[in-house]
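Hi,

Here is the structure I promised you. Have a look first, and then read my notes below.

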Amino acid sequence: MARRDRARTIEAIIYGSPHFQISHGPMRDEIGHYRSASNIRNRSTRRLYQVFHLARAVDSTVSTAALIKSNKRAKGLGHGLNVLWEAATGQAVTHGDPYSLYGQHKQLIDARNKYAHQAGAFPADDEEVKRFLGRCEACISGVLVLI
Amino acid sequence: MAQNVKSTHDIAYWRQSIQRRISQVLADNQAVIQSPVDHPYLLDGPDVLVAFSGKLLALFVASRDESISPDRFEQRVKLSFAALPAHTIFLNGSDLDLLPNINGVFVEALPSLSLYSKGKRSHDGPVEVRADVIRSVARHTRQVSEDDIRERARLYKRFFIYDAVSRLNLRKLKPPRQSDSLADKHRIERTTIEQTAKLAESMIAERTARIVKSRPSDLRRLIYNPKATDDWIVVDDGRVYAQRDAPGILVTEDFPTNSTDPDKYARAITFAGWVPADSDWDLARVERGLNLVKGRIRGKAR
């Protein structure tokens, strides 16, 4: 199946959420940018654009979800995931628990931070980009189940 | 072969006409109507996903295979039910009596929604979507309680644990990629050592995980086989429960590749309650890992 179908599926899930009725705009815009980024010719630019746009969608999905669920403003992606997980399970997250939402998406957060903050850190190949994008999509759809 | 080509063309036509009809009925320019649905956790999801003003409809139509064995259709619905948000409204385009366990979820007014003709995805007749039915469904919202979310979180936690085990196995096989920095390599090494220690710890646990071998081409059939997944996800009165203690191990020679999402098969198989393993792997070791998982589930998740 095509990448476009998956992006549209994610978009539908976001737009169909009662919690995002007002604030779905920015997330859907990012996903739209992400979809159109595949037309960029320059390889490394294309990869970075895809990575950034989807990572930004993940970021605001998670922070919005955390705000809705527990009225806390998330300090970052990791904190937002922890807040959400606490709200969903009703238990405090122990530090470094690999089986929490944060532990599940740790690789995503690490990769995002590397691409965003490290000079010269481009995704090495298309395989890496695809893996990252797949994780982002899984993260968004997983987060939306838990709110 | 020629018939295949024809039927895919017909399904595309069917989808288009459904999309057209639904957008006419809803009269909502903003509605997102997507078909085919490609969900990251599902190999086969709903046939059509409709989103409009904070509501999500998932539409299911039994394929030819599924109408021969209704259990498989039920299985697809179950897995989609666990993967999609709790407020999703599930619509059955085919026979309602097919799904006794999920009656609470399926909206009852739908036999009149003749989206399909018996036995196969509708390609023949014109698609009829009755406006009043869709509107009445659109007004309907499922109440989502805290318990519902908690039960889902429990199921996802189970899925994360299975996933951690399968990723541990995968990592053992693959050497760190060259693009990884030195710090990454160290981190991977460290976690592998920690995990190995934990695996050794769990050697005392009893072994009850079951092992199923499968050819790559049969994976999809196996996942949607009701016997295989039945005790993993239970849907009762609109809620999902995870109940099996230990996951099964799925041994395959190779995963079919998905060109746009390399991890998709591993993820979908894990989500269906299996830990994928390559036939090269040391099965005793994998099994020890699974017993560790079992201990964890008993001790912590419950």
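From the N terminus on, chain A reads α-α-α-α-α-α-α, which comes to seven helices and zero strands. Helices here are DSSP runs of H or I with at least four residues, strands are E runs of at least two, and both are numbered from the N terminus. Chain A has a radius of gyration of 15 Å, close to the 15 Å that the globule rule gives for 147 residues, so it is as compact as a globular protein of that length. (That radius is taken over C-alpha atoms, and the rule is 2.2 Å times the number of residues to the power 0.38.)

Two things to keep in mind: this is a predicted model, where local features need pLDDT of at least 70, side-chain atom pairs count only at pLDDT 80 or more, and totals for chains, interfaces and linings use all residues. Residues are numbered from 1 along each chain as its sequence is written, while chains are lettered from A and ligands numbered from 1 in the order in which they are written.

Back to chain A. Its C-alpha atoms fill a box of roughly 45 × 30 × 25 Å along the principal axes, and 50% of its 147 residues count as buried. Buried means 20 or more other C-beta atoms within 10 Å of the residue's own, exposed means 12 or fewer, and partly exposed is in between, with C-beta atoms placed from the backbone.

One helix pair I looked at is α2(A), residues 24-36, with α3(A), residues 43-70: they pack at about 165°, axes 8 Å apart. (Axes are lines fitted to C-alpha atoms, for helices over the stretch in contact, and angles run from 0 to 180 degrees between N-to-C directions.) The two are therefore roughly antiparallel; that label is for angles over 145 degrees, with under 35 roughly parallel, 65 to 115 roughly perpendicular and the rest oblique. From α2(A), the residues in contact include M27(A), I31(A) and Y34(A), and from α3(A) they include L54(A), A57(A) and S60(A). Contact means C-beta atoms, placed from the backbone, within 7 Å. By class, this contact divides into six nonpolar, five polar and two charged residues. Ala, Val, Leu, Ile, Met, Phe, Trp, Tyr, Cys and Pro count as nonpolar, Asp, Glu, Lys and Arg as charged, and the others, Gly among them, as polar.

Two single residues next. Y102(A) is in helix α5 (residues 101-104) of chain A and counts as buried, with 22 C-beta neighbours inside 10 Å. Leaving out residues up to four places away in sequence, Y102(A) touches G78(A), L81(A), N82(A), W85(A) and V93(A). E127(A), in helix α7 (residues 126-145), is exposed, with 12 other C-beta atoms within 10 Å.

Where do the two chains meet? 34 residues of chain B are in contact with 35 residues of chain A. On the chain B side, β1 (32-34), β2 (48-52), β3 (55-60), α5 (146-173) and α9 (264-271) each supply at least two residues. The largest share, ten residues, comes from α5(B). That side has 17 nonpolar, seven polar and ten charged residues.

Cheers

Key
Two residues are in contact if their C-beta atoms, placed from the backbone, lie within 7 Å.
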